[in-house]
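The following note sets out points for a colleague who has the coordinates at hand.

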Amino acid sequence: MGTTTAGTRLRTEVPGPASRELQARRSAAVAAGVASTLPVFITRGGDGLLVDVDGNELIDLGSGIAVTGVGNPAPAVVDAVREQVERFTHTCFMITPYEGYVTVCEELNRLTPGDHEKRSALFNSGAEAVENAVKIARYATGRPAVVVLDHAYHGRTNLTMALTAKNMPYKHRFGPFAGEVYRVPTSYPFRDPDGMTGEQAAARATTQIDKLVGASNVAAVVVEPIQGEGGFVVPAPGFLPALAAWCAEAGALFVADEIQTGFCRTGAWFAVDHEQVVPDLVTTAKGIAGGLPLGGVTGRVEIMDAVHPGGLGGTYGGNPVACAAALAAIGTMRSADLPAAARRIEQTALPRLRDLAARVPAIGDVRGRGAMLAIEFVRPGTLDPDPDTTARAAAACHRAGVIVLTCGTYSNVIRLLPPLVIPPALLDEGLSVLESSIVDTVG
Ligand code: PLZ
C-alpha cells in the first residue's frame with residue numbers, strides 16, 4: 001500500500017463498479033434489515049487502511065466500530081489465530097475446558113479497575129455480555145430493576161433493546177421489550193443547563209431512581225462511561241463517581257459497559273479509569289480480541305460466584321480462537337503502549353477538530369477522549385440537531401475515501417474511532433480529507 005495522498009488512493013468513484021456489482025448480488029441475497037454505512041466491499045486491511053474490490057485504499061477512521069484498535073490484521077493476532085486453528089477450533093468450554101479461556105479471564109481480572117478479587121465469564125458479543133451482567137446482577141442482589149440512561153446503547157437482543165434508548169433503527173416495531181428497565185437522565189454537558197456539574201447531573205438521575213423505582217429495588221445501574229452510539233457523550237466530571245457512590249449506598253451494582261470505550265480506546269485501559277471509578281461489574285467486547293468475536297463480564301468474586309454452576313454459558317462463549325486472538329491483542333496493547341497511542345491521537349485530532357468547529361458554524365460541539373472523538377452538528381447558533389447536514393458531511397468524507405461513522409440519538413454526530421496503531425501521517429491525511437470534505441459540503 002502506497003503513501004500517496006488521498007486523491008491518488010482512489011482508483012474509482014466510491015463505491016466503484018465492482019462494489020456496485022457485489023451490492024446488487026447482496027441485495028438479492030442478504031436481508032434488507034442488515035444495512036451498511038458505506039457499501040464498498042473490502043478485500044484486505046492494514047494499519048488504518050482498507051482496500052476494496054475496486055483497488056481503492058480507504059482511510060479507516062472507524063475500526064469496524066471500535067474493534068480493530070490493534071490493527072487489521074494485527075500481526076500478533078494473525079500468528080496466534082493461525083497457531084490455535086491448527087491445534088483445535090472448538091471444544092465448548094462447558095464440555096471440556098482449555099487454557100486460553102482461563103488466561104483471558106486472568107487478564108480481565110488483572111486489567112479491569114480495582115484490586116479486589118474478581119472472576120470473569122466469556123461470551124460471543126457485547127449484547128450477550130450485557131445480558132449476562134444483568135442476569136448476574138439480578139441473581140446476586142435478588143432485585144429486579146435495571147436502571148439505564150438517556151442516550152444509552154447496550155445492544156439489539158430483546159433485553160438489551162430494552163436497555164437501549166433510541167427507537168430507530170434499533171427498536172422500532174421489535175417490541176414488546178423486557179420489563180423492569182427504567183431510564184433516567186444522563187450528563188450531556190452540551191445539552192444540559194449551563195454550568196450543571198457532574199454531581200448535579202447525577203443527583204438529577206438518582207432523585208428519579210429514588211422516586212420512580214425505589215433504591216432497594218435496583219439490581220444494577222448500567223452505564224457507558226462515555227456513551228457510544230448515543231452520541232459520544234462525555235459526562236461532566238464527577239457524574240460517574242457520584243452515580244457509583246449512590247449505587248454503593250443503595251446496594252445496587254454499578255455496571256460499567258466498557259464495550260466501546262474499553263481496551264485503551266480512550267487513552268486508558270478503561271474509560272472509568274479517568275475518574276478512578278471502580279465498577280462492581282464491567283462488560284467488555286469489541287477491542288478485546290482484535291476483530292474476533294468475544295465478550296466478557298468481569299466483577300467482584302462474591303457477585304460473579306453467586307450464580308449456580310451451569311447458570312452461565314453458551315456453546316461458543318470464549319471460543320479458543322477468539323481467546324487466542326484476545327491474548328495476542330492484549331499483548332500488543334501492552335507492548336506497544338496503546339493507551340499512550342490513543343492519547344497521542346487525541347492530541348493530534350482534537351485541536352484540529354476544534355479549529356474546524358471555529359470555521360464551520362454548523363458544528364456545535366467537539367468532544368471526546370483518546371481515540372474516541374466526535375463532532376456534533378446543529379443549526380448554527382442553536383442546539384437544534386442537524387441530521388441532514390451530518391449525513392451530507394459523512395457522505396462527502398466517504399466519497400473522498402475516508403471511513404467515518406455517524407451516531408447520536410438525533411443522528412447528528414460524526415464520530416472518529418481510528419485504529420490505535422494508525423501511522424501519524426495517515427491520521428493527518430485522513431483528518432485533512434475530513435476537514436476539506438466538511439468545509440466544502442457544509443462550511
Ligand atoms: N454496548 C456500549 O457500543 C455495540 C453496535 C452497532 P455487540 N455498539 C455498536 C449496531 O448498530 O449494532 C455495543 C456498544 C455498547 C453494547 C454493544 C453491543 O455489542 O457486540 O454489537 O452486541
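1. A residue is termed buried when its relative accessible area is under 20%, exposed when that area is over 50%, and partly exposed in between. R9 has a relative accessibility of 5%, and therefore counts as buried. The model is a predicted one, and the points below should be read accordingly.

2. R9 takes part in a salt bridge with E429, the two side chains meeting at 2.6 Å from N to O. In the structure as a whole, the search returns 17 salt bridges.

3. A second pair is formed by D192 and R204, whose side chains meet at 3.0 Å, N to O. The burial of the two partners may be stated separately: D192 is buried at 13% relative accessible area, while R204, at 26%, is partly exposed.

4. R367 and E376 also form a salt bridge, at 2.8 Å from N to O. Both R367 and E376 are buried. Through salt bridges with shared partners, R191, D365, R367 and E376 are joined into one network.

5. An open sheet contains 4 antiparallel strands in the order 11-12-15-14. Its edges are strand 11 (363-369) and strand 14 (405-407), each of which pairs on one side only. On average, neighbouring strands are turned by 25° against each other, direction ignored. The antiparallel pairing of strand 11 with strand 12 (residues 372-377) comprises 6 bridges, and within it G368 has L373 of strand 12 as its bridge partner.

6. Two helices pack on this sheet. Helix 12 (residues 338-359) touches strand 11, strand 12 and strand 15 (413-416), and its direction makes about 175° with that of strand 11. Helix 14 (residues 424-442) touches strand 12 and strand 15, with its direction at about 5° to that of strand 12.

7. Which residues touch the most other members of the largest nonpolar core? They are L281, L434 and I438, in a core of 114 residues. The greatest contribution to this core comes from helix 11 (residues 320-335), with 10 residues. Neighbours within four places in sequence aside, the contacts of I438 include L356, V360, I375, F377 and I414. Another core, of 16 residues, lies apart from the largest one and has I226, F232, V234 and I403 among its members.

8. Of its 6 residues, 5 are buried, so strand 10 is largely enclosed by the rest of the structure. Strand 10 pairs with strand 4 (residues 118-123) in the antiparallel sense over 6 bridges, and R300 in strand 10 has K118 opposite. Strand 9 (residues 281-284) is joined to strand 10 by 4 bridges, again antiparallel, with T284 standing opposite G296.

Terms used:
Residues are numbered from 1 along each chain as its sequence is written. This is a predicted model: local features need pLDDT of at least 70, side-chain atom pairs count only at pLDDT 80 or more; totals for chains, interfaces and linings use all residues. Side-chain values use heavy atoms; hydrogens and water are left out. Two strands pair if DSSP finds at least two bridges between them. Axes are lines fitted to C-alpha atoms, for helices over the stretch in contact, and angles run from 0 to 180 degrees between N-to-C directions. Contact means heavy atoms within 4.5 Å. A salt bridge is a side-chain nitrogen of Lys or Arg within 4 Å of a carboxyl oxygen of Asp or Glu. Buried means under 20% relative accessible area, exposed over 50%, partly exposed in between (1.4 Å probe, protein chains only). A nonpolar core is a set of buried Ala, Val, Leu, Ile, Met, Phe, Trp, Tyr and Cys residues joined through side-chain atoms within 4.5 Å.
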